[in-house]
Amino acid sequence: MELKNDLLLRAAKGEKVERTPVWLMRQAGRILPEYRKVRASVSGFIELAQTPELAAEVTIQPVDILDVDAAIIFSDILVIPEAMGLPYEMVEKKGPRFPETIKSKADVEKLRVADVEESLSYVTKAIEITKKELNGRVPLIGFAGAPWTIFAYMVEGSGSKTFSKAKAMLYTEPDLSHQLLSKITDSTIAYLKAQIKAGADLVQVFDSWAGILSHEQYKEFSIPYLRKIADAIQDVPKTIFAKDAHAAFPDLSKLDYQTIGLDWTMNPIEVRKAVGNNKTLQGNLDPCVLYADKETIKRHTVRMLEQFGSDRHIANLGHGVYPDINPDHVKYFIEAVKEYSVK
Ligand code: 1CP
């Protein structure tokens, strides 16, 4: 199926684009009343994510309503631990929780490498339905968590400000940590390959907790696994988003990801110097700008576009959009990118 709008893919590959493509991290499942309506018709997030027709419906909502240049499949990074044998729950208003966590060698050995066909076919089905219903309007982004970020949830058992249990394991049990990271990596590679086979046009790896590791830890416990994933996936462009990983750009830029995501604390001009001209950069408006009025949103968006320049940029926020942001303000951002990035 020929894509009618392939701006995202061309920008990722470093090809010429008429204007900068734009999408938002967490664009599905947070801000739209249309999402909340679908969500209220099922028992919760997990049922929604596991019902391919509904997952496809909420994936497409931002394309219809916000007019973004890409869809991202509605799922969660935590489907991987579940497929490995460590199920999660979504606690209303609080987020994910693992009833069991990884504490010992026996726990790691009990885990399996995910059998994607058996455990994650609801995601690949949702991708197939979404691709069909999108009918080539925009590309579809597949995604997974980075091995370190998945490890953090599996050991900690929930979200955390410090992830101190997970970080402690890296210091006290480095060999066991590598063993767990390897299993997660193998699962992730199989999972991303299945997403691509089902129709994902680009994949993004979310290292949301990159920034809590020391530089040394990041080099030892995240970079090698990100490299293994990048080298194993060759059919579509790849994006790495490593939140708060300021010191990691020289290492990240050596990996085979065409696009590097920036959070809002990062300076696009400095990052461009650190990674060179062969990468596309994605980001990085502070999501909180979207609480402000239309003029303010426009001013900050234009400044962001100027900082990145007109080539090799995919406009986005510096992290996910917050649930209480007005969808109209999201539209102001998207419209501003479209209007002011035209060559
Ligand atoms: O629009 C989209 O992108 C929707 C699909 C999506 C994605 C890409 C969801 C649905 N989750 C994610 C990724 C995700 N999940 C990340 C990486 C991106 C990021 O940093 O934001 C992370 C860290 C998670 C883990 C997670 N899932 C959290 C954070 C927990 C913490 O540590 O604070 C939470 C709150 C969830 C729940 C979740 N995931 C997605 C939705 C719609 C929800 C809310 C659940 C509900 O509706 O009850």
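Residues are numbered from 1 along each chain as its sequence is written. Because the model is predicted, local features need pLDDT of at least 70 and side-chain atom pairs count only at pLDDT 80 or more, whereas totals for chains, interfaces and linings use all residues.

Helix H2 (residues 33-40) packs with helix H4 (residues 52-66) at an angle of about 170°, and the two axes are 10 Å apart; helices (H or I, at least four residues) and strands (E, at least two) are DSSP runs numbered from the N terminus. Axes here are lines fitted to C-alpha atoms, for helices over the stretch in contact, and angles run from 0 to 180 degrees between N-to-C directions. The angle therefore makes H2 roughly antiparallel to H4, a term applied to angles over 145 degrees, with those under 35 counted as roughly parallel, 65 to 115 as roughly perpendicular and the rest as oblique. On the H2 side the contact is made by Glu34, Tyr35 and Val38, and on the H4 side by Leu54, Glu57, Val58, Gln61 and Ile65, where two residues are in contact if their C-beta atoms, placed from the backbone, lie within 7 Å. These contact residues divide into five nonpolar, one polar and two charged, with Ala, Val, Leu, Ile, Met, Phe, Trp, Tyr, Cys and Pro counted as nonpolar, Asp, Glu, Lys and Arg as charged, and the others, Gly among them, as polar.

The UniProt annotation "domain: Uroporphyrinogen decarboxylase (URO-D)", from an unreviewed entry, covers residues 21-30 and 141-157; UniProt positions are given in the numbering used here, feature names are shortened, and annotations may be inferred rather than shown by experiment. Residues 21-30 are 0% helix and 0% strand, with end C-alpha atoms 21 Å apart, while residues 141-157 are 59% helix and 29% strand, with end C-alpha atoms 27 Å apart.

The unreviewed UniProt entry also places the feature "binding site" at Arg26, Gln27, Ala28, Gly29, Arg30, Asp76, Tyr153, Ser208 and His319. In the model, 21 residues surround the ligand, the closest being Ala28, Gly29, Gly95, Gly159 and Ser208, and a residue is near a molecule or strand if its C-beta atom, placed from the backbone, lies within 6 Å of it. This shell divides into 10 nonpolar, eight polar and three charged residues.

Alanine 28 lies in the loop between H1 and H2 and is buried, with 24 other C-beta atoms within 10 Å; a residue is buried if 20 or more other C-beta atoms, placed from the backbone, lie within 10 Å of its own, exposed if 12 or fewer, and partly exposed in between. Neighbours within four places in sequence aside, alanine 28 is in contact with Tyr35, Val58, Thr59, Gln61, Pro62, Ile72 and Phe74. Glutamine 27, found in the loop between H1 and H2, is buried with 28 other C-beta atoms within 10 Å.

Most residues other than glycine have a negative phi, and most peptide bonds are trans. Arginine 26 has a positive phi near 65° and is partly exposed, with 16 other C-beta atoms within 10 Å. Arginine 312, in the loop between helix H16 (294-308) and strand S9 (313-317), has a positive phi of about 50° but is buried, with 22 other C-beta atoms within 10 Å. A cis peptide bond, with omega about -10°, joins glycine 283 and asparagine 284, and asparagine 284 is found in strand S8 (residues 280-285).
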